[in-house]
Amino acid sequence: MIDIHNHILPGIDDGPRNWDEALELARNAVANGITTVIATPHHAHEQFHNPAEGVIALTEQMNERLNQEAIPLQVLTGQEIRVHHELLDRWEQGASGELLTLSGTKYMLIELPSGRVPEGTEELIYELTLKGITPIIAHPERNRELAADIGQLQRLVDSGALAQVTAHSLVGIFGRGVEKAAWAMCRQGLIHFVASDAHHATRRYFCLREAYDAVRDKMGDQAVNYYKRNAQLLLNNGTIEQQVFEATASSDGAWGKVKQLFGRSKK
Ligand SMILES: [Fe+2]
């Protein structure tokens with residue numbers, strides 16, 4: 001399995017504090033069935049600033065350490081970039097080498113503050129797409145405004161964004177409200193990726209397998225295949241298609257038949 005959002009690099013954000021913790025988290029990823037991760041340390045965040053150069057160097061070191069320890073995991077470069085007013089300018093001034101997309105593809109992981117959707121986010125998304133970038137909104141189900149009004153996420157997707165749900169949200173670790181919002185977003189076709197957002201081997205671990213099991217239970221194999229295929233397509237810099245899962249509830253409340261409606265393609 002491929003994980004497109006996690007904090008596996010040591011000592012640069014709220015992920016592992018040192019190499020021991022990072023290697024423990026890497027072993028946790030392998031035990032979870034993961035072969036490739038895109039490291040996405042926080043950037044342009046109130047507390048964490050991790051420009052490209054440092055992330056690239058640390059990713060190289062991480063792969064060397066994994067090799068030495070015979071841990072079969074590949075780590076690729078990325079960032080989780082907090083939305084801010086200068087983001088577009090920073091990207092246009094690419095020579096500064098500050099921002100990273102996910103593994104050098106056209107896909108960029110962006111993070112909204114947890115409480116609100118900043119003014120101008122729709123415009124930012126649209127402007128990024130004009131520059132050839134497809135922004136991926138990290139865990140919209142954990143944003144209070146989007147969780148309360150899924151129509152707002154629809155507008156961001158209509159502006160050209162994709163969205164990633166966090167594994168822990170699907171298995172209820174962030175509470176019932178976040179879990180409900182996560183499933184509603186998945187069923188409405190507003191989620192394109194499932195990722196771990198792993199930070200720590202015990203507190204916030206890789207639970208991608210458990211999340212995919214939950215997706216299988218509630219939405220069927222086709223949904224699991226859709227999310228897994230999208231992670232691979234992302235690595236290949238391919239095109240992600242929107243897929244709406246319209247399910248009918250069976251008598252026990254589980255989601256039964258899964259109907260796929262093929263939407264428009266994302267450029
Ligand atoms: Fe994250």
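The four donor atoms around the iron ion subtend angles of 85 to 172 degrees, which makes the arrangement irregular. Here, donors are N, O and S atoms within 2.8 Å of the metal (3.2 Å for Na, K and Ca), and sites may look incomplete because water is not among the atoms. What you're looking at is a predicted model, where local features need pLDDT of at least 70, side-chain atom pairs count only at pLDDT 80 or more, and totals for chains, interfaces and linings use all residues. Residues are numbered from 1 along each chain as its sequence is written, and side-chain values use heavy atoms, with hydrogens and water left out.

**The iron site**

- Which residues hold the iron ion? They are H5 (NE2), H7 (NE2), E80 (OE) and D197 (OD), at 2.1 to 2.2 Å.
- About that word "irregular": four donors count as tetrahedral if all angles lie between 85 and 135 degrees; four count as square planar and six as octahedral if opposite donors are over 155 degrees apart and all others between 65 and 115; anything else is irregular.
- For background, ideal angles at a metal are 109.5 degrees for four tetrahedral donors, and 90 or 180 degrees for six octahedral ones.
- Along the chain, the donors of the iron ion are spaced as H-x1-H-x72-E-x116-D.

- Most residues other than glycine have a negative phi, and most peptide bonds are trans.
- D197 is not a glycine, yet its phi is positive, at about 50 degrees. Its relative accessibility is 2%, so D197 counts as buried.
- A70 isn't a glycine either, and its phi is positive, near 55 degrees. You'll find A70 in the loop between α2 and β4, and it counts as exposed because its relative accessibility is 66%.

**How α9 meets α10**

- Two packed helices are described by the angle between their axes and the distance between the axes.
- α9 packs against helix α10 (residues 221-235) at an angle of about 140 degrees, with the axes 7 Å apart. That makes α9 oblique to α10.
- The axes are lines fitted to C-alpha atoms, for helices over the stretch in contact, and angles run from 0 to 180 degrees between N-to-C directions.
- Angles under 35 degrees count as roughly parallel, over 145 as roughly antiparallel, 65 to 115 as roughly perpendicular and the rest as oblique.
- From α9, Y212, V215, R216 and M219 meet D221, A223, V224, Y227 and K228 in α10; contact means heavy atoms within 4.5 Å.
- The residues of this contact between α9 and α10 split into six nonpolar, no polar and three charged. Ala, Val, Leu, Ile, Met, Phe, Trp, Tyr, Cys and Pro count as nonpolar, Asp, Glu, Lys and Arg as charged, and the others, Gly among them, as polar.

- E69 sits in the loop between α2 (52-68) and β4 (74-76), and with 36% relative accessibility E69 counts as partly exposed.
- Setting aside residues up to four places away in sequence, E69 touches L23 and R27. The C-alpha atoms of E69 and L23 are 8.5 Å apart, although the two are 46 residues apart along the chain.
- Is I34 buried or exposed? At 1% relative accessibility, I34 counts as buried.
- I34 is in the loop between α1 and β2 (36-39). Beyond its neighbours within four places in sequence, I34 is in contact with M1, D3, A29, P72, L73, F206 and L208.
- Q188 is in the loop between α8 (176-187) and β9, and its relative accessible area of 41% makes Q188 partly exposed.
- Not counting residues up to four places away in sequence, Q188 touches I150, Q242 and V244.

- T129 is in helix α4 (residues 121-130), and a relative accessible area of 26% makes T129 partly exposed.
- Apart from its neighbours within four places in sequence, T129 is in contact with P135, S159 and G160.

Terms used
Helices (H or I, at least four residues) and strands (E, at least two) are DSSP runs, numbered from the N terminus. Buried means under 20% relative accessible area, exposed over 50%, partly exposed in between (1.4 Å probe, protein chains only).
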